[in-house]
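Subject: Structure handover

Hello,

Please find the structure below. My notes on what was found in it follow.

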Amino acid sequence: MDWDKDKYTENRFPGAGRFSAGVLTGVLAAVLIMCSVWGVRQVISNIRGGDYTSENVSESDVDDKLDLISSLIEDYYLYEDDIDKEDLIDGIYSGYAGALGDPYTEYYDEEETEALYESTSGEFSGIGATMSQSLDSGEITISNVYEDSPADKAGMKSGDIIYKVDGRSVSGQDLETVVSWIKGERGTDVVIHVLRNGEELELTATRDIIEVQTVSHEMKDGQIGYILISEFDSVTYDQFVAALDDLESQGMQGLVIDLRGNPGGNLTTVTDMLKLLLPEGTIVSTKDKYGNTEEITCDGKHEFTKPLAVLVNQYSASAAEIFSGAIQDYGTGTIVGMTTYGKGVVQQLMDLGDGTCLKVTIAEYYTPSGRSINGTGVTPDVEVEYEYDENNPEADNQLDKALEVVREELEQE
């Protein structure tokens, strides 16, 4: 296996918890995996009987049975007018991959493939805002507006309630549908009607290429920097560097990196970020079915030597586990929180040449010390379960503990 680190990415994972929110980008949470983009043009089209049949079932048997099922559906299926033949064909491919019993090996149709590639890039054509939907009322509310984005320029504000998009009412629609209405081709307009303090407003935004904000940061008491990384997209590295530089310019003495609820992302991104923190050595290695091993290494030129804590929880997965596992193995920082998800296998995205792709599990990855975390996760050095405080919803006992760990180390220096 040729390891091309610029091609290894991770898909999304349906993590729960208070650290995620709906995004107008249409970047949806899905199963977190590690994968690579590999050009394969005729994988499926060249399959023959010996490739997918058994001793008891021939290629003609498969064809005959599909013909029989098709004819029975045509003769008896009640809702024949609703049949989409393309969906039926895609269903065959999906079922074939799904029958492996591996939750991470999947077939993606054209629409799903486009969404997958968009989600891993961290860029999209939209208006630059995030929104959430109330479980009780179904109201869709703007939760954040990116600075200088089309939404910002159109006058959209956090707290605005969307009730119409391009003349279509959002009543009864789910969040994903409304997201799809707002997204669109760069340079085109979308008219959004909102309610703000009881007033109805009509806002027109011109769609543009938006960079997802995957990193946020601030300086905590005692000159301890705090960086929250929501996912590892292609845009995350530059955002992480900017956050580090800003905190350093403010006189940062220690650092907390928050990966709670982080569903992973791009492997190149996470390994490049670790090269800004780790000493010289291996960052991550993989082993395939043939026993072939590959590794990504760090030259140690930018080793982070200040007190560091990394926050994780049960929804921190794959790339987030590569990050926390490497930090733990080298002793660069203290891992605080709960045992991570335990996603330690590699997938490869295979381009099928017609706008669709196949995702296949191809290898297992290992932390610098040679640990496999698949099915077990990264166990924190300091275990702290999150405790919700109904009297103070903004309280965060896990973050408090991470800050305490860094302060104690500073006091010992």
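**Helix α6 and its surroundings**

In helix α6 (residues 175–182), the buried residues are L175, V178, V179, W181 and I182. Their arc around the axis spans only 160°, which puts them on the same side of α6. That set of buried residues packs against five named strands: β5 (129–133), β6 (140–145), β7 (161–165), β8 (168–169) and β9 (189–196). Please keep in mind that this is a predicted model.

**The chain as a whole**

The protein chain has 413 residues, of which 43% count as buried. It contains 10 helices and 21 strands. Taking the contacts between residues at least 6 apart in sequence, 68% join residues at least 24 apart. The chain exposes about 20,900 Å², and carbon and sulfur atoms supply 45% of that area.

Six strands form an open sheet in the order β12-β13-β14-β17-β18-β21, and their pairing is mixed. At the edges are β12 (215–220) and β21 (382–383), each of which pairs on one side only. Within the sheet, β14 (residues 254–258) and β17 (residues 308–312) are parallel and share 4 bridges.

Helix α10 (residues 397–412) lies across β12, β13 (224–229), β14, β17, β18 (334–337) and β21. The helix runs at about 165° to β17.

**The hairpin of β15 and β16**

Strands β15 (residues 281–288) and β16 (residues 293–298) run antiparallel and are joined by 6 bridges. Opposite V284 stands I296 in β16. The hairpin has 4 residues between its strands, and G291 takes a positive phi near 85° there.

**P150**

Is P150 buried or exposed? P150 has a relative accessible area of 10%, and buried means under 20%, so this residue counts as buried. P150 belongs to helix α5 (residues 150–153). Apart from neighbours within four places in sequence, P150 is in contact with G126, I127, A205, T206, R207, D208 and I210. From P150 to D189 the separation is 39 residues in sequence and 9.7 Å in space, C-alpha to C-alpha.

Regards

Terms used:
Residues are numbered from 1 along each chain as its sequence is written. This is a predicted model: local features need pLDDT of at least 70, side-chain atom pairs count only at pLDDT 80 or more; totals for chains, interfaces and linings use all residues. Side-chain values use heavy atoms; hydrogens and water are left out. Buried means under 20% relative accessible area, exposed over 50%, partly exposed in between (1.4 Å probe, protein chains only). Helices (H or I, at least four residues) and strands (E, at least two) are DSSP runs, numbered from the N terminus. The arc is that of the directions from the helix axis to the C-beta atoms. Contact means heavy atoms within 4.5 Å. Two strands pair if DSSP finds at least two bridges between them. Axes are lines fitted to C-alpha atoms, for helices over the stretch in contact, and angles run from 0 to 180 degrees between N-to-C directions. Accessible areas come from the Shrake-Rupley method with a 1.4 Å probe; for residues, only the protein chains shown count as cover.
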